[in-house]
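Dear colleague,

My notes on what was found in it follow directly after.

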Amino acid sequence: MSTVTFHSGERIPLEMHKVRIVQKLNLVPIERRLEAIRAAGNNTFLLRNRDIYLDMLTDSGVNAMSDRQLAAMMESDDSYAGSETYAKLEEKIREIFGTEYFLPVHQGRAAENIISRVFVKPGTIVPMNYHFTTSKAHVVLNGGTVEELLIDEGLAVTSTHPFKGNLDVGKLEALIKTHGAERIAFVRVETGTNLIGGQPHSLANLREVRAVCDRHGVMLVFDASLLADNLYFIKTREPEAANLSLREITRIIADMADVLYFSARKLGCARGGGICTRNQDHYMKMRELVTLYEGFLTYGGMSIREIEALTVGLDETMDEDMVSQGPQFIEYMVNDLDRQGVPVITPPGGLGCHLDAMRFLDHVPQTQYPAGALASALFLVSGVRGMERGSVSEQRDAEGNETYSNMELLRLAMPRRVFTLSQVKYAVDRIVWLYENRALVGGLRFVEEPKLLRFFFGKLETTTDWHAALIAKFRADFGDSL
Ligand SMILES: *Cc1c(COP(=O)(O)O)cnc(C)c1O
């Protein structure tokens, strides 16, 4: 962590890396961006990269890799079975998590498929701090139901609570009392809770959850996909961890889990995933399915080069300079927007900066998808691509009625070590301008609405021609600037 004080008194997050490979970006004129967002049906998933300036859609599989990772990829040992590359990963997993058994998978949701197939039986319940889209889908697919037991503060948009991702252990006790421990497939804790804005849980909370699980003989499954950010928050926000190393914190966490899994598209800055456990019985049950769905046990659907990169990436995740970069850039962006009056989720979390579209566009009713409209408007005025995390991302109920989400968010993900501070400043500038001109932005309505996963493929149109009004004001204020 870089705690450098500037002579000017200004505090900015200082990069503890230098850039040695670059990719050219395009910033196309606003008129071209209009054509692009119209062709994409106002759905940022359907944009082409060549029209995008800053891609803040996701942190999945797009984090920058290090020189050490790239070098390791060159010396990978490719063989179907018994590869040395795999042995290195297995050893690194043991070293970091202290778990005896490891199963490689091709990405995070593949781990969820295997865990749910083995442990979720029809009629069982999976209590969790909060769901992630794929984790919930796999529980439901296997006949289980998800119970969200996030602390109440977790859904407060603006807050000073340092650990909004904590699981409410009182609610967990009550749930187990009502349904009986036999009905609980497992308790799932998601670190760096994705869908509520990358918000962390504390060590103390995890310890309390573990104690409840022990009392009732219930299994604890830990989704460690966003562990890197959560480690940073535990280290900086939880007094008991201030003097612990990231390795020590990781071991305390891993020692509490019966099963720990992760998406290596996030954790370890590579592409792949894994399941770790110290329980031989659990391991044997899951192992069969890995060979069935993923591949042989020494690659699990991952490319051998990615396994090398992951081994090094996991090691580098134990470095405070590496882990702090994302959260510190996000903190800079959130605080700067907050200071200028733009509604954002507070306190700053991991993963990215989240704009609160419900307040940003408080004149756009939820029936007209304010978060979707904000995603379209921001791309138009800046070339910054975010991800709608609101009602467009929900799906209709069995009767075909809309189910509106609790929050209408525009997520601006901050892939690790990818953007510079001047790019973040550019995004902030255009967001502030858009906020000042928010009255010009209107709503959206579906023109093509798939039944399943409509947020990936659905197309929408503007309710009025508010794009034209935004462009006119943009040209009046910025002249012929891009
Ligand atoms: C991304 C993610 C997953 C799924 O991982 P994929 O590699 O995208 O399949 C699961 N849980 C959390 C918390 C995630 O952020």
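A search of the whole structure finds 39 salt bridges, a salt bridge being a side-chain nitrogen of Lys or Arg within 4 Å of a carboxyl oxygen of Asp or Glu. Please bear in mind that this is a predicted model, in which local features need pLDDT of at least 70 and side-chain atom pairs count only at pLDDT 80 or more, while totals for chains, interfaces and linings use all residues. Residues are numbered from 1 along each chain as its sequence is written, and side-chain values use heavy atoms, with hydrogens and water left out.

Among the salt bridges is one between the side chains of Arg475 and Glu31, at 3.0 Å from N to O. Arg475 lies in helix α17 and Glu31 in helix α1 (residues 30–39), so this pair ties together parts that are 444 residues apart in sequence. Helices here are DSSP runs of H or I of at least four residues, strands are runs of E of at least two, and both are numbered from the N terminus. Arg475 is partly exposed, with a relative accessible area of 25%, and Glu31 is likewise partly exposed at 36%. For these terms, buried means under 20% relative accessible area, exposed means over 50%, and partly exposed lies in between (1.4 Å probe, protein chains only).

Because Asp477 and Lys473 are 4 residues apart in helix α17, about one helical turn separates them. Asp477 is partly exposed, with a relative accessible area of 39%, and Lys473 is partly exposed at 31%.

A further salt bridge joins the side chains of Asp315 and Arg247, at 2.8 Å from N to O. This pair links distant parts of the chain, with Asp315 in helix α11 (residues 304–316) and Arg247 in helix α9 (residues 246–256), 68 residues apart. Arg247 counts as partly exposed because its relative accessibility is 34%. Arg247 and Asp315 also belong to one network, in which salt bridges that share partners join them with Arg68, Lys92, Glu95 and Glu316.

I turn next to the aromatic residues. Rings of Phe, Tyr and Trp (its six-membered ring) pair if their centres lie within 6.5 Å; planes under 30 degrees apart count as stacked, over 60 as edge-to-face and the rest as tilted. By this rule there are 16 aromatic pairs. One of them, formed by Tyr86 and Phe102, is stacked, with 6.3 Å from centre to centre and 25° between the planes. Tyr86 lies in helix α3 (residues 84–97) and Phe102 in strand β2 (residues 101–105), so the pair ties together parts that are 16 residues apart in sequence. Tyr86 is buried at 5% relative accessibility, and Phe102 is buried at 3%.

Trp433 and Phe478 form a tilted pair, 5.5 Å from centre to centre with 50° between the planes. Trp433 is in helix α15 (residues 421–436) and Phe478 in helix α17 (residues 466–478), so that distant parts of the chain, 45 residues apart, are linked. Trp433 counts as buried at 7% relative accessibility, whereas Phe478 counts as partly exposed at 23%. Arg430 lies over the face of Phe478, at 4.2 Å from the ring centre; a charge sits over a ring if NZ of Lys or CZ of Arg is within 6 Å of the ring centre and within 35 degrees of the ring normal.

Phe45, Phe455, Phe456 and Phe457 form one aromatic cluster. Within this group, the ring of Phe455 has the charged end of Arg389 over it, 5.1 Å from its centre.

Which residues does Thr277 touch, not counting those up to four places away in sequence? They are Thr99, Glu100, Tyr101, Asp258, Val259, His282, Tyr283 and Met286, where contact means heavy atoms within 4.5 Å. Thr277 lies in strand β8 (residues 273–277) and is buried, at 2% relative accessibility. The side chain of Thr277 reaches the backbone oxygen of Asp258 at 2.7 Å, and a polar atom of that side chain lies 3.0 Å from the backbone nitrogen of Asn279.Finally, the UniProt record (an unreviewed entry) lists residues 55–424 as "domain: Aromatic amino acid beta-eliminating lyase/threonine aldolase". UniProt positions are given in the numbering used here, feature names are shortened, and annotations may be inferred rather than shown by experiment. Over residues 55–424 the chain is 43% helix and 13% strand, with the end C-alpha atoms 11 Å apart.

With kind regards

Technical notes: Polar contact = N/O pair within 3.5 Å; in protein donor to acceptor, adjacent residues only side chain to side chain.
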